[in-house]
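The following paragraphs guide the reader through selected features of the model shown here. Please keep the sequence and the structure in view while reading.

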Amino acid sequence: MQAPRELHVIKWDFPPKFGNVTVNVVGDAGHNLAPYEFWKDHFPKAGITIKIIEVPFEGVYEKEKTEFVAGSGAFDVVTFYPAYVGDFASNGYLEPLDEYMKKQPDSVWNPHQEDVLPPFRELYNKWAGKTYALTIDGDAHLLIYRKDLFTNAAEKAAFKAKYGKELMPPETWEDWLQIGAFFTRKKGEKLAGQTLERDFYGSAEFAKRGFSFAWFVDRWAASGDLYFDENMKPQINSPAAVKALQNFVDSLKNAPPDVRGYGYDELRDALLKGSVAMVVQWTDVPKKGANPAESQVVGKLDYGRVPGWRIGGKVVHRAMMPVGRVVAVASSSKNKLAAYWVAKHIAYDMSLEDVSTAFTGLDVNRGVHFSHPEAYVDFKSKAEAAAYLDRVKEALGDGYPEIFIPGAAQYEDALDLHVNKALAGQETPKQALDAVAQEWNAITDRLGRQKQIDLWHQALMSYKVAGLIK
Amino acid sequence: METKVGRDVLAPQPARLVARGFRLTPVLMVLPAVVVLLAITVFPLVFTLRLTVMSWELTTGFPPQFVRLQNFARAFFQDPRFWNAMMNTGILAVVGVGLQTLIGMGLALELHQLGRLRTFVLSLLLIPVMIAPVIAGFQFRMIYNDQFGPLNYLLDRFTGGRFHGYAWLADPRVALGAVMFTDVWQWTPFMTLVVLAGLQAIPAELLEAAEVDGATGPQTLRRVMLPLLLPVIVIGVLVRFMDTFKLFDIVYQLTAGGPGNVTETIAYYTYLEGFKFFSLGYTSALAFIQLVVITVVAQVFLRYQKRVRAGMAT
């Protein structure tokens, strides 16, 4: 794989040479482990041999947790989704990094956490006030749409004639349904003056089991509700939540027929192969959309805030921040200092190169990533890259976190299951969300209600520090 | 100290030592096997049984707590997802294994008629069995894909575009059928092999006698071959029934249990409880329930097979 050009924007130095130690790095297989391949020449210069252990995307938590519980010491650097930071840190599986970060010289050891955007620094990296992980992937959702269709004169005129208003990227979820229905066309019909050779759809969703809940939270979070109240009473079945899930269910009418089987890849491809007009996706997709090797819609995409709901006369937007990736040092590692340097090298030293290339799925997460649009060479121009970064910044401003406390996997699976049942027509939105509330209560009781309440209060503090709630 | 050399070593030993040696030798010979059996079968079984009455949530870091039969009560009375998974597994076991048996028998009868080509065709037929289920799942994920999958392409071509872009894995009405079809594709050759082996074991004289008595082909099949095949078919069905309770890889690859939970099998659900939620007590209870169900069904099958064999002997 072709490594991106070294930019030397971030200044860093090699550490004193380690004695040829091996550092085992575990993470989800595929393009997000590419940085270790890009910078493979750096590690021997630090006296480190890197051994990569790839696990499937869905299997990261189970693999790491199993090894942690067994105390095998199989991993030195662990890459994981920050929803599990509470689980891993509170069970003592991770090494606190604060002392390592203070080591001198700065140019070798300091990952400059002050530059990391607050939601990622406070929620992804910290637990109980200590830093346990470093962000490498700052995921958030973004609206991505076909600007060539939205600016087409014939389409604009047709939309105005039909709905009596201008064709604009959707501002609210009601707009999302309306515009989605407008652009959904059959093979043989015209779209932007061209006769369609296959069916075309207004929108698509991540509706497969796994993360479909995140596309529901995009719609629900603008209501201002949190997952639980202060006593861990679920807030997930409020009238606003039911309305949000109904919107999600309704949107499938404007999506490809197999949308209930769409995960990240299928949703990305539906857009990049030119089958849909708009999607809400992770912020790495525009980079891939600008790459002719991957995209048939190069130069035709634009980006915006995830739609919201009109509340009190203004539109409130929320963008889910699902997945993301952090690197941490396992407390069972025999080479903690070397492991820390490897983690810091990926999370800080080479991070601009790693997030600006389309060869990874890693997304911007710190200030320096926003101030160098020239690094994003897949975009046609610096101005286009700067526009992309501006939209990402807006999306992060709307960011809404995952659950984060221990038990997150169970809470999110219950939510995902019933959201998916509603999408499949097995339950009505109200039935689905009532069932989620009931299951969340049962999970809380099983895990120990008082302990969960304490952990939730801790999470709320982090939300506040990150500025996500008041 | 007396040292024995040469013939003295083989000299007769006192009776008491011989008797003890006689008892010890077989024990020592069997001991390694017993230790291995205890370590890999009995210990995990007893450990799992103990866990069934514990609550052990690894996400919390709390130590295991004794909860009596609460895990079983949760499965039977409070967990609709358990019953849904059991129902899906039951459908796959009854309908899926039934189809595998019927198609497998048909293929075996055809193969039995083949001459020199039989081995070659059988080798080709067995390819799906040799493929890892996770790979078979991946293959069928591609085949079922609505946009570029060959299944929809062929249907589209053969129906002149009337059957277009069907979402096999996303439609809750057909998703379980798609999973079943993949399982049937992969394991029908196994049933073919089992039935073919049974067919080849039928004495030729019996078939000749039936022919001499004027039995037609269907009569020979129904009155002579099927009764003789029944014991092997029962074993084949039993093996496949037990395998269905382990059906995980195909579901993991094709649907992850979705849409909703229409394709969630008991093996997949047990995996989620064990390795996603790390609820070890409940997972053990689920595993034990499956063990009991399989054991009871296996006993029914084996008794039936014994009865059939006894009937044949008389």
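A residue is called buried if 20 or more other C-beta atoms lie within 10 Å of its own, exposed if 12 or fewer do, and partly exposed in between. The model discussed here is a predicted one.

Because 24 other C-beta atoms lie within 10 Å, B:M105 is buried. Between B:M105 and B:T265 there are 160 residues of separation in sequence, and their C-alpha atoms are 26 Å apart in space.

Helix α9 of chain B, residues 175–200, packs with α11(B) at an angle of about 155°, and the two axes are 9 Å apart. Angles over 145 degrees count as roughly antiparallel, so α9(B) and α11(B) are roughly antiparallel to each other. Their crossing is right-handed. On the side of α9(B), the contact is made by B:W187, B:M191, B:V194, B:V195, B:A197, B:G198 and B:L199; α11(B) contributes B:L229, B:V232, B:I233, B:G236 and B:R240.

The course of α11(B) itself deserves attention. Helix α11 of chain B covers residues 217–244, and its end C-alpha atoms span only 34 Å, whereas a straight helix of 28 residues would span 40 Å at 1.5 Å a residue. At B:L226, α11(B) bends by about 50°, and the proline B:P227 follows within four residues. The buried residues of α11(B) are B:M225, B:L229, B:I233, B:G236, B:V237, B:R240, B:F241 and B:T244.

Which residues of α13(A) are buried? Helix α13 of chain A, residues 264–272, is mostly covered, with 7 of its 9 residues buried. These are A:E266, A:L267, A:R268, A:D269, A:A270, A:L271 and A:L272. The cover over the buried residues of α13(A) includes the chain A elements β7 (141–146), β10 (201–204), β11 (276–282) and α14 (285–289). Just after α13(A), A:G274 adopts a positive phi of about 80°.

Key: Residues are numbered from 1 along each chain as its sequence is written. Chains are lettered from A and ligands numbered from 1 in the order in which they are written. This is a predicted model: local features need pLDDT of at least 70, side-chain atom pairs count only at pLDDT 80 or more; totals for chains, interfaces and linings use all residues. Helices (H or I, at least four residues) and strands (E, at least two) are DSSP runs, numbered from the N terminus. The expected span of a helix is 1.5 Å times one less than its number of residues. The bend at a residue is the angle between axes fitted to the seven residues ending there and the seven starting there. Axes are lines fitted to C-alpha atoms, for helices over the stretch in contact, and angles run from 0 to 180 degrees between N-to-C directions. Angles under 35 degrees count as roughly parallel, over 145 as roughly antiparallel, 65 to 115 as roughly perpendicular and the rest as oblique. A crossing is left-handed if the near helix is turned anticlockwise from the far one by less than a right angle, and right-handed if clockwise. Two residues are in contact if their C-beta atoms, placed from the backbone, lie within 7 Å.
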